[in-house]
Amino acid sequence: MPEIVTDPLLPSGSLLLSERGILGSQSLGPDPSLPRARDARGRFAKGSSGNPHGRPRGIRNPKQCVPDLVARPLSTEALSNLLDRKPHLLRPLAAQILPPPLVAIDPTERLGIDLSSLRTADDFRQVLPTVLAAVARGEIPPAEAARIARRVRARLRALRQLARFVGRVTSAGAEANPS
């Protein structure tokens, strides 16, 4: 049998506790192998968590995850139980099941009114009776008619301001260049 040779021990007892290394009285920090403190019911005592650093950043909270009903359909009973326990999931689950909402059509397009083509005060005067007739027929609600009237009024103001601005610029240009 071969003979096993070992290095002779230092007088301090270990290489770690040599004079140049770590001293015996230095603390190496908490021992991770020690059991965590627990209360009488077996739960972690206050300040002694089983996960002292908590959930890492970026990891989603599993209690808030919405199940994917397309990939893994639930029975009606299971879905009902889930919504009884977590009512906040109703809206995201309904969004998975229901079709997407219809895109709202602009009421001016529905009535055949092109606001960008309106140039004169007479054009604007013809729009409002069309809108009022649509309200009377029940094609659009009064709130949409009021919205259209506000848009028409804003466009009319913008055209009037543009006309004033152009008038000032042309009159200033005429004064600067007397021919």
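Select Arg110 to begin: Arg110 is partly exposed, with a relative accessible area of 43%. Buried means under 20% relative accessible area, exposed means over 50%, and partly exposed lies in between (1.4 Å probe, protein chains only).

A word on reading what follows. This is a predicted model in which local features need pLDDT of at least 70 and side-chain atom pairs count only at pLDDT 80 or more, while totals for chains, interfaces and linings use all residues. Residues are numbered from 1 along each chain as its sequence is written, and side-chain values use heavy atoms, with hydrogens and water left out.

**Stop 1**

A salt bridge here is a side-chain nitrogen of Lys or Arg within 4 Å of a carboxyl oxygen of Asp or Glu. By this rule the count comes to four salt bridges.

Is Glu144 buried or exposed? Glu144 is buried, at 16% relative accessible area. Beyond residues up to four places away in sequence, Glu144 touches Pro107 and Arg110. Contact means heavy atoms within 4.5 Å.

**Stop 2: the whole chain**

Zoom out and colour by secondary structure. The protein has five helices and zero strands. From the N terminus on, the order is α-α-α-α-α. Helices (H or I, at least four residues) and strands (E, at least two) are DSSP runs, numbered from the N terminus.

Now show the surface. Accessible areas come from the Shrake-Rupley method with a 1.4 Å probe; for residues, only the protein chains shown count as cover. Of the 179 residues, 12% count as buried. Among contacts with a separation of 6 or more, residues 24 or more positions apart account for 44%.

Colour by pLDDT, the predictor's confidence in each residue from 0 to 100. The mean for the protein is 78, and 74% of the residues reach 70 or more. By element, confidence is lowest in H5, at a mean of 84, and highest in helix H1 (residues 76-85), at 92. Where pLDDT is low, the predicted coordinates should not be read in detail.

**Stop 3: Asp106 and Arg151**

Select Asp106 and Arg151. Their side chains meet in a salt bridge, at 3.0 Å from N to O. Asp106 lies in the loop between helix H2 (90-97) and H3, and Arg151 lies in helix H5, so the pair ties together parts that are 45 residues apart in sequence. Asp106 is partly exposed at 24% relative accessible area. Arg151 is also partly exposed, at 35%.

Thr108 is the next selection, in helix H3 (residues 107-111). Thr108 is buried, at 2% relative accessibility. What does Thr108 contact, leaving aside its neighbours within four places in sequence? Ile113, Leu115, Ile148 and Arg151.

**Stop 4: the nonpolar cores**

Select Leu111, Ile113, Val127, Val131, Ile140, Ile148 and Val152. Of the 13 residues in the largest nonpolar core, these touch the most other members. H4 and H5 each supply at least two residues of this core. A nonpolar core is a set of buried Ala, Val, Leu, Ile, Met, Phe, Trp, Tyr and Cys residues joined through side-chain atoms within 4.5 Å.

Focus on Ile148. Ile148 touches Pro107, Thr108, Leu111, Val131 and Ile140, not counting residues up to four places away in sequence. Move on to a second, separate core of five residues, including Leu79, Leu82, Leu89 and Leu93.

**Stop 5: a pair within H4**

Select Asp122 and Arg125. They form a salt bridge, with the closest N and O atoms 2.7 Å apart. Both are in helix H4 (residues 121-137), three residues apart, which means a separation of about one helical turn. Arg125 is exposed at 56% relative accessibility, whereas Asp122 is partly exposed at 48%.

**Stop 6: a surface patch**

Finish with Leu162, Phe165, Val166 and Val169. These form a nonpolar patch on the surface, with about 370 Å² of accessible area together. Patches are made of residues with over 30% relative accessible area and no salt bridge; like charges are joined within 9 Å, and nonpolar side chains (Val, Leu, Ile, Met, Phe, Trp, Tyr) within 5 Å. Leu162 lies in helix H5 and is partly exposed, at 48% relative accessibility.
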